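Student: I have the sequence and the model open side by side. Could you walk me through the sheet and a few of its residues?

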Amino acid sequence: MTKTNKMENDFILNTDNIIFEKKLVKKSNITTYEATLITNQSKCISKKIKNIFDSKGENKIHDYIKILQDLQHPGIIQFLGYIPSNKKTVLLFKYAQNSSFINILQGKNQKDHPFWSNKTNVYITIYGIAQTMKYLHNYPIVHERLTSS
């Protein structure tokens, strides 16, 4: 059995409170869904991750969850909680409703994003991304999927 501390227990959610609506991406050990929290009818993103255990039988995902709980930065999507299970752990994040950054940089959908028609605003955003990356480097996180899409 994996040890959890009080803080980690505060983030445990119940599957009865979540509706998994649409599968977005499936890659090896992770499946990403658009979901809804029933309690407040808010959209969220869920990631079902296959549990990986170390040589002591501890689930390695718990170290990642502890880091996610501590991340507090305006450039990082908010971690809402997780649902533990024997085979997969579900991580839930706040839903970020925007176009991809690459579409914005290429000028697609500018009528939907008039803010991005000004190049200065694009540069300010790129600076914000750099500041967020600097913040992340204070934690033992491998941000392997940082892309503009």
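Predicted model: local features only at pLDDT ≥ 70, side-chain atom pairs only at ≥ 80, totals over all residues.

Student: What order do the five strands of the open sheet take?

Tutor: The order is S1-S2-S3-S5-S4, with antiparallel pairing. Strand S1 (18-27) and strand S4 (79-83) stand at the edges with a single partner strand each, so one side of each has no neighbour in the sheet. From one strand to the next, the twist averages 25°, with axes taken as lines fitted to C-alpha atoms, for helices over the stretch in contact, and angles running from 0 to 180 degrees between N-to-C directions.

Student: Which helix packs on the sheet?

Tutor: Helix H2 (residues 61-70) does, touching S3, S4 and strand S5 (88-94), and its direction makes about 15° with that of S5; contact here means heavy atoms within 4.5 Å.

Student: Is Ser-46 buried or exposed?

Tutor: Ser-46 counts as buried, because its relative accessibility is 0%; the cut-offs are under 20% relative accessible area for buried, over 50% for exposed and partly exposed in between, with a 1.4 Å probe and protein chains only. Leaving aside neighbours within four places in sequence, the contacts of Ser-46 are Phe-20, Thr-31, Thr-32, Tyr-33, Ala-35, Val-90, Leu-91 and Leu-92.

Student: Phe-20 is on that list. How many aromatic pairs does a search of the whole structure find?

Tutor: The search finds two aromatic pairs, where rings of Phe, Tyr and Trp (its six-membered ring) pair if their centres lie within 6.5 Å, and planes under 30 degrees apart count as stacked, over 60 as edge-to-face and the rest as tilted. One of the pairs joins Phe-20 and Tyr-33 edge-to-face, at 5.8 Å centre to centre with 65° between the planes. Phe-20 lies in strand S1 and Tyr-33 in strand S2, so this pair ties together parts that are 13 residues apart in sequence. Phe-20 counts as partly exposed at 27% relative accessibility, whereas Tyr-33, at 16%, counts as buried.

Student: What sits over the ring of Phe-20?

Tutor: The charged end of Lys-48 does, 4.5 Å from the ring centre; the criterion is NZ of Lys or CZ of Arg within 6 Å of the ring centre and within 35 degrees of the ring normal.

Student: And how are S1 and S2 joined?

Tutor: They run antiparallel and are joined by eight bridges, with Phe-20 opposite Ala-35 in S2. Their hairpin has two residues between the strands, and Ser-28 takes a positive phi near 20° there.

Student: Changing topic, where is Phe-53?

Tutor: Phe-53 is in the loop between S3 and H2, and at 44% relative accessibility Phe-53 counts as partly exposed. Not counting residues up to four places away in sequence, Phe-53 touches Glu-58, Asn-59, Lys-60 and Asn-86.

Conventions: Residues numbered from 1 in each chain as written. Heavy atoms only, no water. Pairing = 2+ DSSP bridges. Helix = DSSP H or I, 4+ residues; strand = E, 2+ residues; numbered from the N terminus.
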